[in-house]
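Colleague: I'm new to this one. Could you put it up and walk me through it?

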Amino acid sequence: MSYLQQSKKEIASLAPAITAISRRIFENPELNFKEQFAASQLVAALKAEGFKTRCGKGKLSTAFEATWSGSRKNPTIAILAEYDALPNIGHACGHNMIAAAAFGAAVAVKRMLGEKCGTLKVIGTPGEEGGGGKLYMIGDGWFKGVDAAIMVHPANHNRTIARMLAVMELEFKYYGKASHAAAHPELGINALDAVITLFNSVNAMRQQTPNFSRVHGVITHGGDAPNIIPEFASARFFVRGITMKDFHAVLGKVTDCAKAAAKATGCTLKIVKNRMNYEPFEPNRTMGQRFAGHIALLGAKDSGIPENEDIGSSDIGNLSQVVPSLHPEFAVSEPHIVNHSREFLKAVVSPKGEAAMMRAATALTATVCDLFTDASFVPAVRKEFEKFKKGK
Ligand SMILES: [Zn+2]
Ligand SMILES: [Zn+2]
């Protein structure tokens, strides 16, 4: 029997446990870095299966790792579990499924390979939704020695290989001078004019930005009353690029626009950069081809959406810059129903969605088995990764 066939059998036998975990986490949505319930469920379930577990501390108190060490020293393969929910709308990104699939795949791999494993880890990564949990975890050394990291994410399409955008959040604060807007406007310095000039400049330069770049902002303060010349106004922007080079090019242009707006209006400018800078996600294609082959055999047809389209940003971007990583998407909803919507929320506990989760968990299991048993696979994954690092 092939590993894929064996994986199918193991995941089928684990299906009730996988579904139960997915639904329990779904019913107890927790915001980023507050995922106590989800993390404790996963830790307990993996401990019961013979994994050695360790939990994080402080900011990362909802991070964990569960390790199974076979008799082989190498390689170390990490299956990633996310489990944070969104404000107000619960698990509308379906991270309950990511966690449940990670649990199922890890247990299945352990049951199938046992001592034939190197080091198999489930790494629980909290705070993906805007929290940058993986950035803290990279900093704290959780991924040291990991040869490859892999996870699966629910979506409205099947796609194994997709890139993600680098992103940074910035705030532009303009300081002017208040004055009576009717009696003595000439004595004022209008900070709102600076913000409006910034938006107009950014809109004018959009056409000259590299392909796939994104710049989008909101005005966070526009003044206090129409009869006062605004002495303070501010805006928050996201700047995104498909490579760090593109990202820095756009960031430079937006920063120039912001400075020019200050100069044009006589305001002073303070730029606050969020220290969370997500890097672009670079999928490991060697791993991707293997996963794609498995999931196709299970009947999940690839949507054919190009790798640079229909993409956002994630903290796995930073991980993919230090460890070969893969983040396949599996369809739990129709194409018109997108993540972070009320309709998607229903899809992540629907029978159709759960069937797709089992397929994804099966392909994940088979891919991890290949990583442990196919002697040429991890070296090929590493070779691609090193080539990518050199080319950067
Ligand atoms: Zn999301
Ligand atoms: Zn997500």
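Colleague: How far apart do the C-alpha centres of domain 1 and domain 2 lie?

Modeller: Keep in mind that this is a predicted model. Domain 1 takes in 3–163 + 281–391, while domain 2 covers 166–278. Their C-alpha centres are separated by 38 Å.

Colleague: And on the side of domain 1 that touches domain 2, how many residues are polar?

Modeller: The contact draws nine residues from domain 1 and seven residues from domain 2. On the domain 1 side, one is nonpolar and two are charged, and the polar ones number six.

Colleague: Which residue in β5 is the bridge partner of I77?

Modeller: Look at β3 (residues 76–81) and β5 (residues 148–150), which pair in the parallel sense over three bridges. Within β5, the partner of I77 is A148.

Colleague: How does α7 lie relative to α10, oblique or roughly parallel?

Modeller: Helix α7 (residues 285–297) packs against α10 with the axes 9 Å apart, and the crossing is right-handed. Among the residues that meet there are F291 in α7 and A363 in α10. The angle is about 130°, so α7 counts as oblique.

Technical notes. Residues numbered from 1 in each chain as written. Chains lettered and ligands numbered in written order. Predicted model: local features only at pLDDT ≥ 70, side-chain atom pairs only at ≥ 80, totals over all residues. Pairing = 2+ DSSP bridges. Helix = DSSP H or I, 4+ residues; strand = E, 2+ residues; numbered from the N terminus. Domains from an automatic or database assignment. Contact = placed C-beta atoms within 7 Å. Nonpolar A, V, L, I, M, F, W, Y, C, P; charged D, E, K, R; others polar. Axes fitted to C-alpha atoms, helices over the stretch in contact; angles between N-to-C directions. Parallel < 35°, antiparallel > 145°, perpendicular 65-115°, else oblique. Left-handed = near helix turned anticlockwise from the far one by under 90°.
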